[in-house]
Amino acid sequence: MKKLNPKEILKPIVVLLVICVVVTAVLAAVNGLTAEPIAKLAEEQSAETRSVVLPSAEEYQKLELDNEDISECYEGLKNGKTVGYTFTSSASGYGGTIEVMTGIDCTTGEISGVSILSQDETPGLGANATKSEFTDQYKQKAQELEVIKNAEPADGEIQAITGSTITSQAVTDAVNKAVAAYEKIEKEGE
Amino acid sequence: MVKQLVAVFLAAILTENYVLSKFLGICPFLGVSKKVNTALGMSAAVTFVMVLSTAVTYPIYENILVPFGLEYLQTIVFILVIAGLVQLVEIILKKYMPPLYNSLGIYLPLITTNCAVLGVTMLVLEKAAADPSYTYVTALVNSFGAGIGFLVAMVVFAGVRGRLETADIPNSLKGLPITLVSASLVSVSFLGFAGLVEGMMG
Amino acid sequence: MAEKKKVSLWKEFSKGIIKENPVLCLVLGTCPTLAVTTQASNAIGMGIAATLVLICSNAAISLLRNIIPDKVRIPAYITIIAGFVTMVQMLVKAYAPSIDESLGIYLPLIVVNCIILGRAEMFASKNRVIPSMVDGLGMGVGFTAAMLLMGSIREILGAGTWFGIPLTSGVVDPILIFILPPGGFFVFGMLVALSSKLSGKKKAAEDVGCAGCPLSENCSKVKKEGECNG
């Protein structure tokens, strides 16, 4: 076996190390440039979703909830009075986790809107859950909801998307978590 | 807890099959599925590397990248960790477990650039971020299930391809096209598992 | 001289689109081709992201081709490619969030796309910077074109829309299976068959493209092994 030359061993290591350091430095610089727009965009988007699911409020205040099911909660205010809450909850659907934001109006106790934040469902099937034809079904509902198939939905029932019962069920589960969290807040408030 | 783990495991094999529904790891799926025994060897190696990489990258992400605000280095760190692990496993197997090396060793270098492995390590983190009940153990079970799902798809497909050898195929479709069409049919059969896991687990 | 140079650059560019189309002829990068082509717009987004990475990584690797020692070239290439992929990912997140949402995990997975590593190994490591960038552009455009074709076929047949514009609504019901995974495999198989028929080859590619893959040596070893044992 030929004797190993230290230069032969060192050079690859040094070159690789230099490449890693340079790449990391460049990435850190790009991150510095883009971190702000990304965070701003995310904030804008979630503010917009909040105003869609709880249109009656004028400003929103973040609440810290001691609830495992809810990842984020905002209190909606109008003229300094609480008019409702938005809850972000998730449930696992067919392709992965579905994240849902639910707005609940506390003057009526009804759901004021539901919006799907992220989903990984089958395009053309489960992904149709993001359409308003499906999410509008949740509006004005007040109690724990159930998914049904092939029938006219009665009160407290949600018509499943054709061919996507699992997705429909997951969205409903997430909404139910929000309803439960809302009821808990109301109870504690009394 | 156990119920959740079983559900995650079965879902990773059947409904979230990495090859047939997420299209990860298509190259080895089409390339080394001609014979059942190579298919088995390749998927065993993939499963092993998947679990090992998840075991290493998950704590790295949670304990090093997140606290220091370095999430953006995820891709580069993960790919280098996987490449390093594969090399290390190869050396260890060669030295201490020659029989295992002889049967799996040749598949190992192919795995570094297998998108299924990198995909698993990233997807489990995505799931963990969305679901607070998702732990390190769940992630490991999930990646093991993903590997077994890869194995099931490879072996089933190798069986289907065995049948093709004696079939009379139009000239333009010979080779890759007919392989892809058969893959499409196998994938149809996996669509039938929709809802199975949720149904079983209530 | 200048004339000649122009001609050869044009050749480097155009080969990637038809003669050596990375998707349909070399059969590289199959994962994203199948996964993100459920909509024509996704195909374009993925194509542009991959093209950017290809041009940049080809340029960087070509610049460094005399510095990177042969032994560590694959890890070095992967590091450089991963760097560019992350950069593109951050830019997309900041300025085109809808693309980031629809591509999801497939965006960071450009790292392991064999087209990019394949071009680094086959072309950029042996050629000057300008031809390497042109090669990357050509391959990227070829990749985008093939994905756009597949995305269009699948979206029109499977959802009845094209770039989200309804085309067949009320006339024909969309054939949903085309945007589901099986439809992806099927359309891809048909396109490979068609392209080999049109290019006059007697037979389509036997397997996924190993020619451009730096690991092809191991790959063919694995295949041979299988044949011996089987």
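Contact here means heavy atoms within 4.5 Å, and by that rule 48 residues of chain B are in contact with 50 residues of chain C. This is a predicted model, in which local features need pLDDT of at least 70 and side-chain atom pairs count only at pLDDT 80 or more, while totals for chains, interfaces and linings use all residues. Residues are numbered from 1 along each chain as its sequence is written, chains are lettered from A and ligands numbered from 1 in the order in which they are written, and side-chain values use heavy atoms, with hydrogens and water left out.

**Interface of chain B and chain C**

- Chain B and chain C bury about 4,300 Å² between them, 78% of it on carbon and sulfur atoms, where buried area is the accessible area (1.4 Å probe) that two parts lose on being put together, summed over both.
- On the chain B side, B:F23, B:I106 and B:L176 lose the most area to chain C, together accounting for 15% of what that side buries.

**Salt bridge in chain B**

- Over all chains the structure holds 7 salt bridges, and one of them joins the side chains of B:K127 and B:E16 at 2.8 Å, N to O.
- This pair links distant parts of the chain, 111 residues apart, with B:K127 in helix α7 (residues 115-130) of chain B and B:E16 in the loop between α1 (2-13) and α2 (26-31) of chain B; helices (H or I, at least four residues) and strands (E, at least two) are DSSP runs, numbered from the N terminus.
- Both B:K127 and B:E16 are buried, where buried means under 20% relative accessible area, exposed over 50%, and partly exposed in between (1.4 Å probe, protein chains only).

- The side chains of C:E121 and C:R73 meet in a salt bridge at 2.8 Å, N to O, and because C:E121 lies in helix α6 (residues 114-124) of chain C and C:R73 in helix α4 (residues 73-95) of chain C, the pair ties together parts that are 48 residues apart in sequence.
- C:R73 also meets C:D70 in a salt bridge, at 3.6 Å, N to O, and salt bridges that share partners join C:D70, C:R73 and C:E121 into one network.

Conventions
A salt bridge is a side-chain nitrogen of Lys or Arg within 4 Å of a carboxyl oxygen of Asp or Glu.
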